[in-house]
Amino acid sequence: MDQARSTISKIFNGEPRSYTRFNLTQNMEGDNSQVEMKLSSDMDEEVGGNGVGEHMNHHPRPTYVGKPSQRSSRNFCFMGIAILLLFIIGYLVGYLAHRRTDRDSPRCAEAFSSDESDGVVPIQTVPSLDWSDITALFKTKLTTSSIENSLSEFSIIDHQAGSPGDEALANKLLKRFKDYSMNPWTDEHFVRVQDGPSSGTNRITFRDQPFVESGFLSYSATGSVQGALLYAYYGQTDDLRRLQDLDIDMSGRVLLIRAGKISFAEKVANAAAMNASAVLIYPDPADYSFNEETALFGHVHLGCGDPYTPGFPSFNHTQFPPAQSSGLPTIPAQTIRASTAAAIMRQMEGRDPPRGWGDGGLRSVKYRLGSDSDLVTVEVNNVLTEKKIHNVFGVIKGFIDADRYVVIGAQRDAWGPGYAKSTVGTSLLVELARIVSEMISKNGFKPRRSIVFASWSAGEYGAVGATEWLEGYLSSLNMKAFSYISLDGVVTGSSFKASASPLLYDLIQSTLKEVSSPTDSSTSLYSQVSGNNWEATVMEPMTLSDPAYPFQAFSGIPSVSIRFTSDKEYPFFGTMLDTKQNLNFKISFALSSLVKSAGEIAGQMALRLVHDHLLKLNVEKYTTVLRSNVALINKEVFSLQSSGRVPKTLKMQWLMSALGSYSRASRKLISVIQNSDLEDFEQCRIINNRIMGVERDLLSPYVSPRVSPFRHILHGSGSHTLGALLAHLAAIKEDSASADLDLLRNQFALTTWTIQNCANALAGSVWEMDNEV
């Protein structure tokens with residue numbers, strides 16, 4: 001109506017108009033939309049005398065002079081009709097604008113107009129609940145009884161990846177997500193995995209005594225090899241170096257290694273690096289409190305995903321390329337039962353092992369290193385098979401930034417019952433999806449950003465389902481998926497631990513302060529774990545076997561794995577004994593309360609990430625992490641230059657300058673945030689874009705994702721990482737044959753520019769970048 005009256009007024013004032021332009025503009029508070037009418041003379045006024053209008057119109061417009069005319073009754077009639085038509089048009093425009101506001105009030109399943117190309121800006125909303133209301137509501141809805149119901153529903157004995165049991169669980173999840181109006185979908189992959197022998201067995205023969213093993217290690221090299229047995233403790237790098245210090249040649253030897261400490265894949269890779277011929281891995285009773293006849297299952301791919309499609313997804317089973325991951329082992333590897341290990345070690349000869357290595361739990365066994373006469377034959381007959389797997393997804397869309405989302409995921413498959421490995425995480429995933437859906441549909445919660453709930457298959461083979469999804473949609477996920485929260489193995493003890501990107505440390509700390517202890521509801525979990533240094537107590541490094549690792553190191557998505565655990569590794573992973581009864585026994589029958597606490601931590605972290613104006617990711621934390629690494633490198637370089645092993649021409653100033661650039665960029669961003677209007681939608685989006693880019697920009701652009709998929713310079717693996725640079729300096733210090741000064745210079749240059757590029761992107765506009773390097 002106001003627009004119509006304004007138009008009528010202008011007509012009576014006698015101002016000539018040649019055309020009318022309608023511009024729909026958005027009310028940032030989301031109350032209603034305005035319709036602005038800009039006419040051609042208004043455009044002329046905006047252009048003024050600055051020449052812009054002349055630039056846009058290459059030829060000056062001719063001036064038309066009208067002849068004077070007399071006003072007659074006929075003129076007044078036409079004018080009256082024109083006024084009436086303009087009145088009706090103004091009224092209809094105002095009415096439709098108000099109708100659009102009502103129609104576009106946000107719902108759970110829709111956040112934006114279906115066609116952004118129409119030029120219609122989406123209606124923005126502000127969450128109707130404050131943070132205290134959200135947390136109180138969330139805690140009320142997450143109950144132990146609902147958790148127990150989900151645990152019962154999703155518990156199944158046989159759900160190995162690609163099996164009917166795995167598919168049945170996928171269908172259950174799909175139905176649940178549909179019930180919650182989450183618009184679910186599935187992602188299908190055809191992957192190659194290695195299973196145990198379909199006919200025949202894997203066999204160990206020691207001194208003509210055969211041992212048949214039912215357990216196996218997927219992706220082992222196959223065939224039969226023979227060599228002298230050598231006891232190598234846990235097979236860690238330090239353990240093998242200790243054997244070298246004893247002048248023991250490991251070439252051609254079969255290493256007998258205890259399970260634990262590091263992954264099976266790392267043990268086999270370490271042995272292969274020493275030219276060992278095969279690896280046998282057993283669970284020592286000192287570490288594993290189960291029957292000595294228990295078989296172990298696992299994989300030995302030093303990587304994640306389908307190793308036969310490295311760096312790209314396994315979408316089409318008819319087009320497997322002739323490629324394979326560099327992380328596949330070149331030597332056979334096999335698990336053996338503790339009883340088999342005891343029978344073999346009772347007959348082993350040779351010298352005594354180093355101090356501490358003999359403190360095992362095998363009965364009537366004197367631990368020895370073994371001699372050249374202790375010949376053993378290892379026969380591995382695993383079969384490479386093709387499997388169809390399904391990842392299942394459901395999404396709760398945000399009301400402002402629907403295209404930005406946090407992903408919460410859990411592994412669905414397992415070698416056997418997999419209760420702690422996958423059932424608990426899958427059940428908690430469903431509970432979190434239910435609660436957030438109800439908060440939106442029944443309680444008026446309106447998250448700014450979206451939450452994607454993901455159920456992965458083939459996790460037991462090395463996060464295959466999750467990694468194939470990342471490889472398939474990496475370009476789509478960049479600058480959209482801003483965090484990943486893993487629920488795998490979320491409860492195996494009562495002590496809280498986490499592994500995460502440094503960007504998420506502050507969020508973890510603040511969440512722990514808001515979650516009650518599972519053993520004492522009157523105190524926060526933070527008060528129980530903080531001590532003098534909460535990070536030292538709670539945070540652990542993210543390793544290759546961590547389910548969140550491919551998100552962090554391959555995709556550059558800030559990730560976190562949370563878990564209640566114990567000092568000793570949970571003994572039933574990778575066995576047929578991972579049952580509800582054994583888990584309950586290990587955690588003193590406090591399963592429901594521990595799962596509830598884990599759910600509160602994961603849920604509140606996700607809700608905080610989708611609720612606040614700005615993402616709760618602390619970019620300054622990486623300044624501390626980078627500084628500590630650069631300080632170690634500087635110390636080693638100074639020492640090597642003093643001893644003459646590294647030339648003085650190798651300057652540290654460029655790496656330190658890049659660190660300074662990142663530090664200044666992160667501080668400046670904090671200053672920008674403090675001086676910004678957080679109610680300004682566009683300003684928040686710009687700042688969040690800069691925050692989201694940090695993790696991704698720490699992926700080295702100088703290595704191929706196919707050759708070195710884990711490109712993160714801090715959490716990844718390969719010669720491009722800061723850890724590899726430090727290891728190279730150590731090799732130079734030891735006069736190792738692998739030392740290469742030219743390679744060292746390249747490492748310095750590429751690391752420097754990766755950090756500098758990250759700093760430049762964090763700075764924002766090109767004129768804000770620091771060009772000191």
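Cys 304 is buried, at a relative accessible area of 11%. Here buried means under 20% relative accessible area, exposed means over 50%, and partly exposed lies in between (1.4 Å probe, protein chains only). Cys 758 is also buried, and its relative accessible area is 1%. The disulfide count comes to zero, a disulfide being a pair of cysteine sulfur atoms within 2.5 Å. The model is predicted, so local features need pLDDT of at least 70 and side-chain atom pairs count only at pLDDT 80 or more, while totals for chains, interfaces and linings use all residues. Residues are numbered from 1 along each chain as its sequence is written, and side-chain values use heavy atoms, with hydrogens and water left out.

The chain holds 24 helices and 18 strands. These are DSSP runs numbered from the N terminus (helices: H or I, at least four residues; strands: E, at least two). Of the 773 residues in the chain, 53% are buried. Contact means heavy atoms within 4.5 Å. Among contacts with a separation of 6 or more, 78% join residues 24 or more positions apart.

Helix α11 spans residues 419–443. Of its 25 residues, 21 are buried, so α11 is largely enclosed by the rest of the structure. Gly 444 follows α11 and has a positive phi, near 80°.

Two helix pairs share α21. Two packed helices are described by the angle between their axes and the distance between the axes. Axes are lines fitted to C-alpha atoms, for helices over the stretch in contact, and angles run from 0 to 180 degrees between N-to-C directions. Helix α20 covers residues 621–642, and its axis comes within 10 Å of the axis of α21. The two axes cross at roughly 165°. α20 and α21 are therefore roughly antiparallel. Angles over 145 degrees count as roughly antiparallel, under 35 as roughly parallel, 65 to 115 as roughly perpendicular and the rest as oblique. The crossing of α20 past α21 is left-handed: the near helix is turned anticlockwise from the far one by less than a right angle (clockwise would be right-handed). On the α20 side, the contact residues are Tyr 622, Thr 623, Leu 626, Arg 627, Val 630, Ile 633 and Asn 634. They meet Leu 655, Met 656, Leu 659, Tyr 662, Ser 663 and Ser 666 of α21. This contact of α20 with α21 comprises eight nonpolar residues, four polar and one charged. Ala, Val, Leu, Ile, Met, Phe, Trp, Tyr, Cys and Pro count as nonpolar, Asp, Glu, Lys and Arg as charged, and the others, Gly among them, as polar.

The second pair joins α21 (residues 653–674) to α22 (residues 681–697). Their axes come within 11 Å and cross at roughly 155°. That angle makes α21 roughly antiparallel to α22. The crossing of α21 past α22 is left-handed. Tyr 662, Leu 669, Val 672 and Ile 673 of α21 make the contact with Gln 683, Ile 687, Arg 690, Ile 691 and Val 694 of α22. Seven residues of the contact of α21 with α22 are nonpolar, one is polar and one is charged.

Most residues other than glycine have a negative phi. Tyr 219 is not a glycine, yet its phi is positive, about 75°. Tyr 219 sits in the loop between β6 (216–218) and β7 (223–231). At 2% relative accessibility, Tyr 219 is buried. Met 479 likewise has a positive phi, near 65°. Its loop runs between α13 (474–477) and β16 (481–486). Met 479 is partly exposed, at 22% relative accessibility.
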